[in-house]
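Here is a friendly briefing to read alongside the model. Please keep the sequence and the 3D view open as you go.

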Amino acid sequence: MQYTLLLFLVWISVSASERQVFAQTVTAETPLDQVRRTNDPVEKQRILRTAIREDSANVEARILLGASHYKVGNLEAAMEQFGAVMALADTTDINYADAEFYSDEINRLFKSLRIRVVDRKISALGYIEGIRLLFRYPRSLTSEQKFRLEYLEDEGKRRRNEFQFSSIDADKRPYLEIPYFPVVVSLDDVSYSKYSLVVGNRRYRYDFNEEKHDSVSVLWDENWQLVERVPTDLVKIEYPSIYTFAPADTSAHFTLVDPKSKKKGTYIPADKEVDLVLQESTYANKEKRYNRVIKGLVVVAGFIGLLGTR
Amino acid sequence: MNRILVLYILLILMMLPAVQKAQGQGIVQAQVNIGKALYEKKKYEQAEKLFLRVLEAEPSHAISHYYLARIYLESKALKDVEKTKAHYQKAIENEIEFKGEIQRLSFERQEESGPASASVSPESTRVVSNRTPTEIPISATERSAPQPEADQASGTLASVDTTLRAPSISPASSESLAVHSPIPVVGSITEATTTDSGRAAGSTVETTLPAEISSPPLVSTIEPLASSSISETPAAQTTPSSPNIPETQVAQPAPFTLEQRTAPPALGDRDWAAELRQKDRGKLTVEQLVKLATYDSYYAQVNRSMDHDDYGQAIKAAKALSEQLPDDWIGPYLESYAQALAGKYPAAVRQANEEARNRGYDGPLPDADPVKLIQVSLNEARDNIAGENWIEAESALYRVRNIQSYDPIPFKYYVTTDYLLGKVSMGLRDFGSALDDYTRALEEYTRASRDSGYDQITQEQIKNGIYMAQDSLINTPLLPPVDQLQEVFAERRDPYRPDWSSRVGSYTIRMPGYEFLQPDYQKWPEEKQPADRAEKQEEQQEDRSMRGGDIQDVDFNIQKTLKRSAIFTGSGLLLLILLGL
């Protein structure tokens, strides 16, 4: 009995010490360790997203996720993560420095490219379904820039809004804006170094370097389908096309007319308080007349009412 | 009972140091794991702090010494060769607990550079060396490290990634494990671990390696093997490199061309490196160890970058290797291939080639003649133009443009390129660019004829191209004014699903001059969003707010509203008069 008790005590002591060591090893595991164990980029991103969901201030996971997006050319998602890291981390944190480095690189190597359709009137902002574009660049790009181009050219990978009409230019033509388009840096001879964009069986050449960012003019492809969608930084106020509204202040806005639905759409900034003031009406004369009639009737009614009281 | 209690207390007192040690080891192990992860992420400062903390607890912790040495070697901010040497020395002094980790590192390095072997064989490989099989058990520390699933499941001693993929370079990766170890392999083989950028441990490997420290010649042959098992065979099958003969003479590659963008030819281990690996580790100086580690480290970086087609990074690593080992041709040799694989830097390839030759390399190197490279692309473009494959032809011509932008070439090649580009522009209905291309070709023709008697394309051909482009431009209908353009109608999908943004604002519609429509018209649309957004929309309407991506439909008719108001007011007035009468 005594020896049994002794053995029991010994067993308790040993097992307790083993558990402690085991627990310490497990708690040391970070998302980084988990990510290292997998080779599947999708799985890596899933692990990191889970880590961020559980702890939104996990800057290390955010950096890794941002870098992962950066590597595959999804720069919007990458910048979102780097921005979050710079907001969350202390400026002395190494993760902050990483995020800053990545952001600077992205801003250095990528610029927005505008593509405008010159032979059609666009009735509403939206994205083009079925668009296929092929880009050529005049000088070698960095690997990250190439990944970005691959991403943009891959219909399955890219986001729909990467080929979205986002606004109108000075000629009132809507344009597609491709954010983070690779820019060739340090060109020696610009005259020999033009980009080209192949759409279907047509080619368009344009300049796109540190000094000059052309807006590429393309023709509408009959295979394209315009699907309405308002860009996330705008709101569309839709009203009958017989009226014209404009913001009272100088808020950036523009209006597109859809003759099919007899409606006008005024696009205003989504994050402002906007007073839309009536500028014009097709039936302004009739409306004024009715307004005057009502005014007269009200005056007469008031007079009669006054007489009645006396 | 008291006797038992006393016995138990004595027992506890006896076990206490062991328990504390076990706990301490757990913490140390955790810190080392985190430190390694930080090191691999190149967060050298943080990794350094952790390893120094480990050394405070365990001054003889060899792995920490080893990693600190590497940190002081690889980190730009912390670079300190003296510290590197000191920590390597400490790591070696504590070699008994060090062997497993060193071998694991060697596996990691092999895994990083594994795909390089593709240039030798696209299949799985069998590493053949001249050892007698000796089964080695796995130590407790090795078991605690993360292991690939296949390894754990099979219960075999180790697993190694032998899945291969071109293109890459090969020497270190295709050799025995010791070749990759910064310090010659000691003792037993351990499990392979996967790195962040590496691939999964793909196949189980039956491993039998020697337990002794000193190693015979390490350069090994590689044979395709379906089962991908590592075994050992007599020394007769090995092909050790002679100190006086460049390793490339062992494997003579085909000349590099643009069409065959293959990996660099397989090399043996560098002669000096092989010699060092053959020596007893204990007899090596710290400088030799550092040199070997530098060679292995940058070599693995080049391999890994090429494996991921990241030639820019490969070039950087090769250049760094070239700087670190200024007397060895391996740096410029690798840089030359990295530049050539990038395919756009004949001048840089030539420079690297010259440097490799200056350092004593006399084997084959990538073709650095820009004219040859251009001719290959021009021929490809001509073939594609003949087959009306305009997009492929354009690709080939853009390759020529790339070469032109980096390397001065005879002017006559500009004429041909621009003439062919004109043809491609016509094929792709870019008539404006075609006219530019032909016009430029004509200008270049004049200069080329004057300088060197250009005879590939006649002036008539170029002029004909100009006329064709002009005709096409003239016949291209002009675009009508903006207000006369054909409409493109947008389809609105039902339900409308924008990418909702977090931007929130509000709007008010005002109609000045219409007093009887005051207060200013504010209309909030019917709920049009999906059901799950209904609640949020209600809240937004109360707040009179809108979100980015919204469409707010404001349906009204001022004339009708005023007319209705006039009739209503008139009726009221009439009723009032009648009542008054």
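The notes below start with an overview and then go topic by topic.

This is a predicted model, in which local features need pLDDT of at least 70, side-chain atom pairs count only at pLDDT 80 or more, and totals for chains, interfaces and linings use all residues. Residues are numbered from 1 along each chain as its sequence is written, while chains are lettered from A and ligands numbered from 1 in the order in which they are written. Chain B has 20 helices and eight strands; helices (H or I, at least four residues) and strands (E, at least two) are DSSP runs, numbered from the N terminus.

**Burial and cores**

- Of the 581 residues in chain B, 43% are buried; a buried residue has 20 or more other C-beta atoms within 10 Å of its own, an exposed one 12 or fewer, and a partly exposed one lies in between, with C-beta atoms placed from the backbone.
- In chain B, 72% of the contacts between residues at least 6 apart in sequence join residues at least 24 apart; a contact means C-beta atoms, placed from the backbone, within 7 Å.
- The largest nonpolar core has 122 residues, and Val302(B) and Ala338(B) have the most contacts inside it; such a core is a set of buried Ala, Val, Leu, Ile, Met, Phe, Trp, Tyr and Cys residues joined through C-beta atoms within 7 Å.
- Neighbours within four places in sequence aside, the contacts of Ala338(B) are Val302(B), Met306(B), Tyr311(B), Ala314(B), Ile315(B) and Ala318(B).
- Another core lies apart from it, with 29 residues, including Ile385(B) and Leu435(B).

**A helix pair in chain B**

- The axes of H4(B) (residues 81–93) and H10(B) (residues 286–307) come within 10 Å and cross at roughly 100 degrees; axes are lines fitted to C-alpha atoms, for helices over the stretch in contact, and angles run from 0 to 180 degrees between N-to-C directions.
- H4(B) and H10(B) are therefore roughly perpendicular, a label for angles of 65 to 115 degrees.
- Thr84(B), Lys85(B), Tyr88(B) and Gln89(B) from H4(B) meet Val286(B), Leu289(B) and Val290(B) from H10(B).

**Strands and sheets**

- In chain A, three strands form an open antiparallel sheet in the order E4-E7-E8; two strands pair if DSSP finds at least two bridges between them.
- E4 (133–136) and E8 of chain A are at the edges with a single partner strand each, so one side of each has no neighbour in the sheet.
- E7(A) (residues 195–199) and E8(A) (residues 202–206) are joined by five bridges, and they form a hairpin with two residues between them.
- Val199(A) stands opposite Arg202(A), and Tyr195(A) has Tyr206(A) as its bridge partner.
- A mixed open sheet of four strands has the order E12(A)-E15(A)-E6(B)-E7(B).
- In that sheet, E12(A) (243–247) and E7(B) (546–547) are the edge strands.

**Backbone points to check**

- Most residues other than glycine have a negative phi, and most peptide bonds are trans.
- Tyr180(A) has a positive phi of about 60 degrees and belongs to strand E6(A) (residues 174–182).
- Tyr180(A) counts as buried because it has 23 C-beta neighbours inside 10 Å.
- Arg429(B) also has a positive phi, near 60 degrees, and is partly exposed, with 17 other C-beta atoms within 10 Å.
- The peptide bond from Asp494(B) to Pro495(B) is cis, with omega near 0 degrees.

How values were computed
Two residues are in contact if their C-beta atoms, placed from the backbone, lie within 7 Å. Angles under 35 degrees count as roughly parallel, over 145 as roughly antiparallel, 65 to 115 as roughly perpendicular and the rest as oblique.
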